Every structure is written in C-alpha cells, then in structure tokens.
Amino acid sequence: MRLILMAVLCASVLAGCKKDDSKAGALNVTLAYSGFARGCVTVTATDVDNAANTNSLNVAIPGNTPGSVSVAVYRKKDWGRVLSVTTQLHEVDCSTPALGDPQEKKAEVPVEGSLDVAFLVRANDADGDGYFSSDDAEGVVSGTDCVDGDPAVNPSATEVCNGKDDNCVLGESDANNKKPWYEDVDGDGYGSTLVEACVQPAETVTVSGDCNDNDAQVRPNREEFRCDGKDDNCNGMDDEDFDVGNECKDELKCDGKFACANLNQSTCKRLDGVNPVVWYVDGDNDGAKGQDAGMGCESPVDGGVSQSEDCDESSVYVRNGLPEVCDRLDNNCTGGVDEGCDPLTLTWTTAAGVGGNGDLAAIALYDDGRKAWMVGPDKLVHFDSTVGPNGTTTSYTDATCLGNWRAVWASAAGRVFAVGDTGLMVTRLPDSDPPCAQPIAPDSTSETKLYGITGIEQSGAGATVYAVSNQGRIFKWKAPYVPPSAHLSEFGSVSDNLRAIASAGTEGSLLAVGGDSGNKAVAYRYDTASSTWVSDPLGGSFDGFLRGIHVTDGRFAYAAGDNGMVFKRSGGVWTSSLPPVFESNGTTKAAIRDVLAFSEKGIYVATSEGHILFYNGTGWSSVYSGTASLASLDGPLPTRIVAAGTGGTIVNFTAPEPTPP
C-alpha cells in the first residue's frame with residue numbers, strides 16, 4: 001500500500017480528497033497556527049519499525065489568521081502500521097531553513113477510515129513581513145526577525161547605514177553604503193588600510209595615502225626629510241630632496257650619482273668602472289712634473305699631468321731628460337747614479353793652513369762656488385778661484401775685521417756677514433779697503449755668542465741677514481749696513497740655546513735649531529702671522545744639540561747635530577728622523593757639525609771626527625775621511641761642495657765630467 005502525503009486546504013479532515021483503492025486507511029494530520037500569516041510547514045512521516053521508510057511534504061501556510069492546514073497520510077503496503085509524524089515550521093515560504101525543534105506524534109494508521117493527528121504551532125510576525133520574531137518565548141517558534149515591529153527590518157532586507165541592523169545579521173557591518181575610513185596606527189593624521197564602516201571606527205581618519213603607518217614622521221604633504229632609500233613623504237619617490245640618483249662628481253672629480261651617506265645627507269657615489277689616477281705637478285720648479293698632487297679623475301690642481309715627468313721632486317738637479325753628471329744623484333731618472341763616472345771618493349782634495357794655521361769655524365760659497373768666505377778665531381779670509389792658476393786667498397787683518405767668528409754667510413754680490421762672541425758682527429765686500437763694518441748685537445754681554453747666520457737676498461736693496469745666539473735671541477740686520485747700529489735690531493727671542501738658522505729665501509721659511517737647558521734638541525720657526533718665533537716640534541725628545549740646518553726650499557729642510565741626529569722636515573712639519581750617523585768605528589754616534597742637502601736622496605753631513613757622509617735615501621755611506629775636525633759644510637751645487645775645519649783645513653769636491661758612452 002502506498003503512503004501519500006497530500007495537502008488539503010480545508011478545515012474538514014479528508015474533505016475533497018480522493019481515496020486510493022490501495023489504501024486501507026489514513027492519518028489526517030492537522031497543523032493549527034497562530035501569530036503569523038505567511039510561512040511553510042514540513043510534514044514528515046516515518047515508519048517506526050524501519051526509519052528508512054520515510055517521506056516529507058512541504059505545505060504552504062494559506063495566510064489565514066488563525067487557521068490550519070491538513071495533510072492526509074497513507075501508508076505503503078510494505079510499511080509498518082505505526083508511523084512517526086513530525087512537523088517543522090519555515091518563515092516566508094518553503095525555501096527558508098526550518099525553525100526550532102520538530103514536533104512529533106506517533107499514530108497507528110487504521111485499516112480503514114482515518115485517524116486525526118493534530119499539531120499546533122505558534123510564531124510571532126507582528127509586522128507581517130513573513131519573518132518571525134526572534135524573541136525566545138515559551139511555546140512560540142523563534143524566528144530570525146530581530147525587530148518584529150518594523151517590516152523594513154528582516155533577514156531579506158538590504159543593509160544600509162541608518163543606525164539599525166536592517167537584515168538582522170552583523171549589525172551594519174554588511175551595509176552596502178558604508179563610508180571609507182583609513183587606519184591611522186601611528187596617529188599622524190594620514191591613514192593606510194581601508195576600513196569601510198557606517199560610523200568612524202577608533203584610530204581611523206578620512207585621509208589616506210600614508211605609505212608607512214608605523215612611523216608618524218612618514219606621511220604625505222611634507223618634505224623628504226631622511227636619506228634612507230625610502231619614500232618619507234609618500235609621493236612615490238625616494239629621497240628626491242637629496243638628489244639621489246642624479247649625476248654628480250665626487251671629491252676626486254670622478255663621475256658618479258648621489259646616494260645616501262646617512263639619514264641627513266647624500267654623497268656622490270662613484271660609478272662602477274670609473275677610477276681615479278695620480279696627478280703630478282712641478283713641486284721643485286725644475287720644469288718637470290713629478291710631485292704627487294693627489295688622486296682624481298681630473299687633476300685636483302691646475303696644470304697637473306697623469307704621467308710623472310720627474311723621479312725626484314725634492315731636487316732641481318733631477319728630472320727626466322737632464323744629462324747625467326757626477327754628483328751622486330740620478331739626474332736623468334734612468335734608475336742609475338753617475339753613469340760614466342769614476343768613483344767620486346777619488347775626487348775630494350784637501351788643503352791645510354788656508355788663510356793661516358788657525359782653525360776655520362765656517363765657510364760660505366758664492367758665485368756658483370768659485371768664490372768663498374771663511375771665518376774663525378780672528379780670521380776673515382776670502383778665496384777667489386777665478387784669479388790666477390790656483391786662485392787667490394786674501395786675509396783681512398784690520399782690527400775692525402777681527403773677532404772670534406763662529407758663522408758666516410755671503411750674498412750673491414760677495415758681501416760677507418760674520419758673527420761671533422760678545423754679540424760681535426761684521427760685514428764687508430771683497431775689496432782692498434782695510435776696515436770692516438763691525439756692529440754689536442743689541443744688549444749683548446760677554447756671555448753672548450752668535451752661533452748661526454743666514455741671509456735673504458733683497459732685489460735692489462741688498463741682503464737682510466738673521467743671526468741667532470746662545471741666549472735664544474734672534475737679530476735682524478738690513479741695508480744700509482753703515483752706520484750698523486741704525487739697521488740692526490732684535491727679531492724675537494726664545495727660551496733655548498740656538499745654534500743655527502736658515503731659510504729658503506723668505507722670512508716665512510726661517511727655521512732655527514739648537515738645544516734646551518736639559519740638553520734636548522729643539523727647533524723653531526718664524527710665524528709671519530704673529531711675527532713671533534714658535535716651537536716646531538721634532539716629534540719626540542732627543543738628547544743633544546742640533547748644530548746645523550739647511551732649508552732646500554719651502555717644502556724641505558734638514559737639521560743635524562749631536563749623537564748622529566739628522567731630521568727631515570716636509571709638509572710643514574718635522575716628519576721623521578733619518579738613520580743615525582755613526583763614527584768610523586761603527587758604534588759611536590757621530591758629532592755632526594753641519595748638514596747640506598740637494599735632494600731627499602742627496603744629503604751630506606760633516607762630523608767633528610773629520611768625515612763627510614752621504615745619505616742616498618736608504619742609508620749613510622762615507623764619501624770622505626780625514627783627520628782634521630770639520631765644522632762647516634757648504635755648496636751651491638751638488639757638483640761643488642766644500643767643508644772647513646781645524647788647522648785651516650779645506651776639503652773640496654768638484655765633480656768631474658762623466659766619460660762619454
């Protein structure tokens with residue numbers, strides 16, 4: 001027998017229903033409803049003995065209030081007679097989900113006729129929108145209408161921003177007309193992540209465009225304030241106010257592009273493959289450029305060249321293309337020294353008793369070394385090699401020319417200036433006039449000893465000379481020299497014992513050396529800005545006095561003295577001490593009395609032991625060995641060098657001509 005569920009839209013049971021001949025009886029299921037007018041009920045019949053035998057029917061609520069619906073239930077012939085009948089309510093129509101727990105009743109299908117099975121369901125739909133109130137009241141099916149007094153509020157309504165939950169889910173979060181807001185995590189007034197809401201959420205703003213919402217300093221409408229490879233003002237560009245990426249030239253004038261150096265500035269970063277080179281200038285004014293002027297893709301100074309033309313920028317006697325002469329220097333920059341020359345140690349000559357048997361304390365050459373003045377105790381001697389086959393020697397013995405002379409300097413015109421004990425000074429020309437001009441340094445005493453002298457040539461005005469004393473006073477004597485006292489004045493003082501002075505032809509290059517009361521070497525320079533003598537540190541503490549100094553030019557100077565000390569000055573400071581000079585026994589440090597330099601690789605010293613040694617840039621070697629103590633060394637050229645010492649000894653070097661190749 002078949003089970004048929006049939007909706008009967010009338011109040012009477014089975015009224016108007018056609019009976020199937022195969023059915024022996026039926027259940028008349030009646031569902032009464034109240035509180036709502038629209039909906040659907042699902043009626044399900046299940047065989048109690050076999051749950052697999054089941055069938056359901058959706059029945060629309062007719063819209064009567066109150067009212068009921070009925071369903072005739074017929075069992076199939078292979079079903080059991082006892083059936084479980086359940087009913088479950090739907091809102092609006094049968095397509096919506098079932099609400100609440102199903103109602104169940106069990107009944108036995110009669111063999112013939114019908115058996116009434118009644119159900120009652122209650123739900124509230126006060127606003128008639130088809131959705132039941134969601135209020136959970138006893139005996140009432142709870143629906144999904146969150147506001148049952150407003151037909152515009154129900155689950156099928158469109159959610160809009162109006163201050164209420166139109167569709168009864170998620171509040172207004174699913175409204176279709178939400179406003180755009182932007183999360184402002186860092187609180188700078190500009191947001192980043194879009195947040196759509198009807199009401200402004202906390203920590204949101206109406207303005208977007210913040211490209212880093214974790215940094216309150218990064219925001220639109222401000223300057224690019226950091227050089228960090230990032231967009232600080234959110235305009236789509238990184239570090240534009242720092243010219244990052246723009247072409248530039250770095251400190252070496254090499255092509256590059258600006259890149260961040262730190263947060264506050266950018267720097268010019270050199271392009272790959274662009275490399276600076278060393279540039280050279282003419283530091284020694286010999287016409288060839290070989291002094292390192294620095295690295296660069298362009299010359300850091302005017303006139304620089306990228307290929308060196310001079311292998312020794314400390315000497316005017318060395319450069320590419322010069323002829324090689326016999327002077328211990330690599331004149332032609334070929335890497336050799338004195339090509340074609342015999343051993344130069346054989347070219348030194350010695351004469352004793354020059355100007356008498358008295359000692360010579362100092363010698364000064366002029367006229368390219370062809371003429372010289374020599375001084376010593378009561379000894380003022382002039383030598384002129386241009387007169388006669390062996391030259392002529394003239395001693396000036398007038399009382400005005402005598403004194404215990406310790407130092408001498410000669411001008412290019414041949415005027416001699418000598419200084420000595422008790423502050424006594426003298427000058428004259430090499431003429432036949434017997435007297436000399438003989439002033440005394442101001443405020444001198446019997447203890448005053450003038451140990452050093454140098455001069456600066458004055459074009460058209462005669463030379464100006466400078467002398468130093470054991471009392472640390474420096475004197476200046478300028479033309480006209482007679483009467484002498486009117487033009488001789490003190491030129492400053494220091495607290496130490498000065499023994500030598502020299503310059504490169506200007507007052508700004510004047511240097512003086514000596515020792516202090518603790519027998520330590522000292523050096524001073526004249527500061528033209530303050531018109532004072534200031535200490536010129538040697539870079540350490542050194543025992544002994546400095547006795548001689550030679551300033552080759554405005555860049556280089558050399559000082560020497562006791563205990564084999566020899567110092568080099570370059571770049572405006574005393575930069576290094578050369579290897580010490582030893583006496584002939586190889587263990588005792590030499591007492592150096594004078595120094596003469598023509599190059600960083602061509603330095604001579606004379607010792608009290610009677611030797612002359614030469615420094616070639618690496619080490620010292622003896623170039624002359626004698627028995628008379630030497631006190632002074634001079635030479636206008638590396639091919640003409642003369643030393644003077646005890647017993648009127650003169651040691652002379654005149655370079656021979658090289659043998660042609």
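Leaving aside neighbours within four places in sequence, which residues is aspartate 312 in contact with?

First, some ground rules. This is a predicted model, where local features need pLDDT of at least 70 and side-chain atom pairs count only at pLDDT 80 or more, while totals for chains, interfaces and linings use all residues. Residues are numbered from 1 along each chain as its sequence is written, and side-chain values use heavy atoms, with hydrogens and water left out.

Let's start with the overall picture. The protein has zero helices and 43 strands; these are DSSP runs, numbered from the N terminus, with helices being H or I of at least four residues and strands being E of at least two. Along the principal axes, the C-alpha atoms fill a box of roughly 175 × 55 × 45 Å. The radius of gyration is 60 Å, whereas a compact globule of 661 residues would have one near 26 Å. That radius is taken over C-alpha atoms, and the globule rule is 2.2 Å times the number of residues to the power 0.38. Buried residues make up 46% of the 661, where buried means under 20% relative accessible area, exposed over 50%, and partly exposed in between, using a 1.4 Å probe and protein chains only.

Now back to aspartate 312. This residue sits in the loop between strand 16 (291-296) and strand 17 (348-351). Its contacts, meaning heavy atoms within 4.5 Å, are with Asp284, Val318, Ser599 and Lys601, once neighbours within four places in sequence are set aside. Aspartate 312 is buried yet has no salt bridge, and the nearest side chain of opposite charge, lysine 601, is 5.7 Å away. For a salt bridge, we ask for a side-chain nitrogen of Lys or Arg within 4 Å of a carboxyl oxygen of Asp or Glu.

So where do we find salt bridges? A search of the whole structure gives 22 of them. One joins arginine 569 and aspartate 536, at 2.7 Å from N to O. Arginine 569 is in strand 35 (residues 566-570) and aspartate 536 is in the loop between strand 32 (532-535) and strand 33 (546-551), so this pair ties together parts 33 residues apart in sequence. Both arginine 569 and aspartate 536 are buried.

Strand 35 also holds lysine 568, whose side chain meets that of glutamate 600 in a salt bridge of 2.2 Å, N to O. Glutamate 600 belongs to the loop between strand 37 (592-599) and strand 38 (602-607), so here the parts tied together are 32 residues apart in sequence. Lysine 568 counts as buried at 16% relative accessibility, and glutamate 600 is partly exposed at 27%. There is a network as well: salt bridges that share partners join Asp215, Arg226, Asp228 and Asp232.

Last, some backbone geometry. Most residues other than glycine have a negative phi, and most peptide bonds are trans. Leucine 170 has a positive phi near 65°, and at 65% relative accessibility this leucine counts as exposed. Lysine 253 has a positive phi too, about 60°, and is partly exposed at 34%. As for peptide bonds, the one from alanine 479 to proline 480 is cis, with omega near -10°. You'll find proline 480 in the loop between strand 27 (473-477) and strand 28 (488-493).

Terms used
Lys, Arg positive; Asp, Glu negative; His and termini not counted.
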